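Dear colleague,

My notes on what was found in it follow directly after.

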Amino acid sequence: MTSIVKPIIPLASLPMNEIGLTIRDYEGAVSTLCAGCGHDSVTAAITHAFWELSTPPHTIAKLSGIGCSSKTPTYFVRGAHGFNSAHGRMATIATGANAANRELTYIGISGDGDSLSIGIGHLAHAIRRNVNMIYVIENNGVYGLTKGQFSASADIGSRLKKGEPNAMAPIDPVLLGLSMGATFLARSFSGDKAQLVPILKAAAAHNGLALIDVISPCVTFNDHEGSTKSYRFMREHEVKEIQTDFIPIRKEIHKSLNENDATEITMHDGSVVRFRSVPSGYDPYDRQKVEEYIRERRSRGEIATGLLYVDESALDVHELNNTPDYALNTVPYQKLCPGSAELAKMMMSFR
Amino acid sequence: MEPTNDRDPNYYHKVVDCQWACPAHTDVPGYIRLIAQGRFDDAYMLNRESNVFPGVLGRTCDRPCEPACRRTRVDGSPVAICRLKRVAADLKGDISDRLPEIPEKKNSKRVACIGAGPSALTVANDLMPLGYEVVMFEQFDKPGGLMRSNIPEFRLPAKVLDEETQVILDMGVDIRYNSPITSLKALLDERFDAIFVGVGAPRAKGLELPGRHDEGETNIHSGIDWLESVAFGHVDTIGERVLIIGVGNTAMDCCRSSRRLGGKAIKVMARRPREYFKASPWELEDAEEEGVEIIVNHAPKRFVVENGKLVGMEFDALEWDEGAVHSTVLDTVIVPCDDVILAIGQENAFPWIERDLGMEFGEWDMPVVDQVTFQSTLPGVFFGGDAAFGPKNIIWAVAHGHQAALSIHAHCSGEPVEVRPALGMEISSTKMGMNEWSYHNDYNPSPRQKMTHIELSKRFESLELEVELGFSAEQAAREVQRCLNCDVQTTFKAPLCIECDACIDICPVQCLTITENGDDAELRERLSAPSVNPKQSLYVSAGLPQTGRVMVKDENVCVHCGLCAERCPTAAWDMEEFELQIPYAADSGILRIPVRRAKTKTEVGS
């Protein structure tokens, strides 16, 4: 599909965001993934989210590892920084980049293979460190790039395209995140941008690692009957009880009467995440209840989606490690690298 | 909304903005593609099918298609449709073997055409292949009507007009020159099976102001009569200082003709501000390029005659309110001049139609003519062109001619004229393989090509020197690629859709939306790209299989690039070439040659 070029057509009716850019300015190259791939919709949702947030493209850093999902940073925000790392190592590069320059908005794109198989250790530690980033797992349950073997997120009983069922238990990234102490956990579906875009915007505002598990059907190897990650299965089994709005900091908030008891979470930049509806007794701050809810839904064969857990009070990677307040590239060189005399002095202090 | 019925020929017809806007519904994208392929004969024939005079119209058409062109919405300038039409006409080869065959054996029906202008010639063109005997009465000694008498040669060379009128006359029309009709009654007595009146709107509107009929009268001319005298060589000079009253296209022809007949200081005097001018913008530009001065906000008051000679004209200098409804007089000025040409419009006149024949006359003493059948209240007498509903332009006359020919054929066959043959359509996939379509779907960002004009220093050497030189091969090649192929339709099959959003994500103009159904106005609020033109339709699919939502496409925004169809994993989207099938009189008698689908010339002939 490399022959396709998406032309820039200067339609006068195309709206602009607050910094004068149209959504076309947040696109990247045209996708070379299979036509109909869920990942392309996630790409489009990311494009929408950053455009709506009016994030200047040069303040965004896109990171990825290896896999179909990890190709996708090429397909959005062509003006952003980017790093395509080794398989499973996206989280480590993100951690290092974060330490060096805390002023960028980091978005890591990974898949179920990259994050739940080869890279699961790095994911776990990035969660522990609460690296300030958006961590998107484009989860399709198969290794698409190697022709559709089961991945670590495949459900028990789910069938391959040729019919074999899966017997091994799946790793659920949201439950993993809950147990690792993650501070922002969401699940969504590539076919539901109305839900995914606000979650991505809230994730951008979150102080810490925002893990979003996006079920993103593999149209070539996992969109058949018997799959539990197909378009049809998701449409039939997705539960959208938890509904949130993202209210950016610049907009005045109008509250209607019946919204008074809605739970609101103020993010660190002043924007607000409002839970429009949650199941009764649900508390997005309560790690244990959230886990119970997810497990209970799962036992019924349903997939709970939405912004499931938020903890905005936790310390992020910078607060935990007492890093400088500014990006290292703005720290004067003399201070950043004080010279061998200072090093010798410091070494002496350890004697 | 109910699912769109895209099997109604008019649904996709409306999407092809240029074709929809054209009175004759010329298949514009179809012929532009043929030009792109270098198939000039095919392009010409496809054009000729609907508009009969591609060479003439490629120079003189009022181009209702161009303001409608989709390309305008993309980069501000329409495709130069009219100029491309001329490219096909200029570069075509011999097309005589592709004209319809005229049966030796006539069908014993005789039709009289009054006038040999565009509408009457179209009637003859449509009826001759059916075996009709057509007798055409023309007041002058040459065919063409207003195309010859009112359009100066520097815009339309006689050679082009002669060729295209002769093609029709050569079908065996019994043309009688120098035969003005002075009595309809006398003609009715000749017992024709049908009579077609295509006499145009031959009378110039007068301007009764003080001094109009004084001694200076010989230097006050009425626009269309003066142009006619110039066209037939009766007038070949004019004074140095000329005033043209009026700013329609006739005024533009008058001022530019004056420039060539000795006029040096030529002023076009307009009552109202420029945005209210009737002349086409390009004609105004061309006139100004030739040094004609256009003066706004001046209302003529009187002709100034001194010593029996016209020396000037007095005007009120006006100031208009917003919307140019009311004016106040600021001053009175006298503009000196040698000649005045009045070009403030023309009107119909039927002194030769006796009022006791049973033909009803209505408002402004115009015969009552049916808008669809073009029949007057006197059965068997039909009207078309400017004679039917007042002055319009050539392309309208051609459209009238086609419809009148259908009516005449029905009338002569004893069928009711009110029953009109239905529009048809043909639609078929253009898919050739992966990322391959039988049309150029890649968007070409070229700007509109500029027409080259003959140098100003040479331009006034003679009246016959054509000003526009036509597109060069390179210009034509660039311009054809600007066409967005609006006739290659994005068609959708709802049962195949898996709602993966691939089409929505790839669309470069965000014209697609999958959403809950609603009524038109409400749906327009929820589209991906803002709806800015409620006149163009929304395509709404049937409910989609997985969620029951609908696929909505804003036909106004789509640029027909085909990326939705390229990215669709289930081929729910396809790019299908749409062809509107317009019924013509000739269809009922002989097999029409399908120009557009013909692969080669030999195949067409066989």
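Two residues are taken to be in contact if their C-beta atoms, placed from the backbone, lie within 7 Å. This is a predicted model, in which local features need pLDDT of at least 70 and side-chain atom pairs count only at pLDDT 80 or more, while totals for chains, interfaces and linings use all residues. Residues are numbered from 1 along each chain as its sequence is written, and chains are lettered from A and ligands numbered from 1 in the order in which they are written.

Domains of chain B

The bounds used here come from an automatic or database domain assignment. For chain B they give domain 1 (101-202 + 348-412) and domain 2 (205-345). The C-alpha centres of these two domains of chain B are 32 Å apart. Seven residues of domain 1 of chain B are in contact with eleven residues of domain 2 of chain B. On the domain 1 side, four of the touching residues are nonpolar, two polar and one charged. In this classification Ala, Val, Leu, Ile, Met, Phe, Trp, Tyr, Cys and Pro count as nonpolar, Asp, Glu, Lys and Arg as charged, and the others, Gly among them, as polar.

The interface between the chains

Chain B places 27 residues in contact with 23 residues of chain A. On the chain B side, the elements giving two or more residues are α7 (71-75), α20 (502-506) and α22 (563-567). Helices (H or I, at least four residues) and strands (E, at least two) are DSSP runs, numbered from the N terminus. The chain B side comprises 16 nonpolar, three polar and eight charged residues.

Helix packing

Axes are lines fitted to C-alpha atoms, for helices over the stretch in contact, and angles run from 0 to 180 degrees between N-to-C directions. Angles under 35 degrees count as roughly parallel, over 145 as roughly antiparallel, 65 to 115 as roughly perpendicular and the rest as oblique.

In chain B, helix α9 (residues 118-127) packs against helix α17 (residues 394-412) at an angle of about 40°, with the axes 7 Å apart. The pair α9(B) and α17(B) is therefore oblique. Their contact has nine nonpolar, six polar and one charged residues.

Also in chain B, helix α4 (residues 40-51) and helix α8 (residues 81-91) have axes 8 Å apart and pack at an angle of about 120°. Consequently, α4(B) and α8(B) are likewise oblique to each other. From α4(B), the contact draws on Phe40(B), Ala43(B), Tyr44(B) and Asn47(B), and from α8(B) on Lys85(B), Ala88(B), Ala89(B) and Leu91(B). Six of these residues are nonpolar, one is polar and one charged.

In chain A, the axes of helix α1 (residues 38-53) and helix α7 (residues 193-205) come within 9 Å and cross at roughly 55°. Hence α1(A) and α7(A) are oblique to each other. The residues of this contact divide into nine nonpolar, two polar and three charged.

A sheet in chain B

Two strands pair if DSSP finds at least two bridges between them. An open sheet of three strands in chain B has the order β16-β23-β19, with antiparallel pairing. Its edge strands, each pairing on one side only, are β16 (424-429) and β19 (488-492) of chain B. The twist averages 40° from one strand to the next. Six bridges join β16(B) to strand β23 (residues 573-581) of chain B in the antiparallel sense. Gly424(B) has Gln581(B) as its bridge partner in β23(B).

With kind regards
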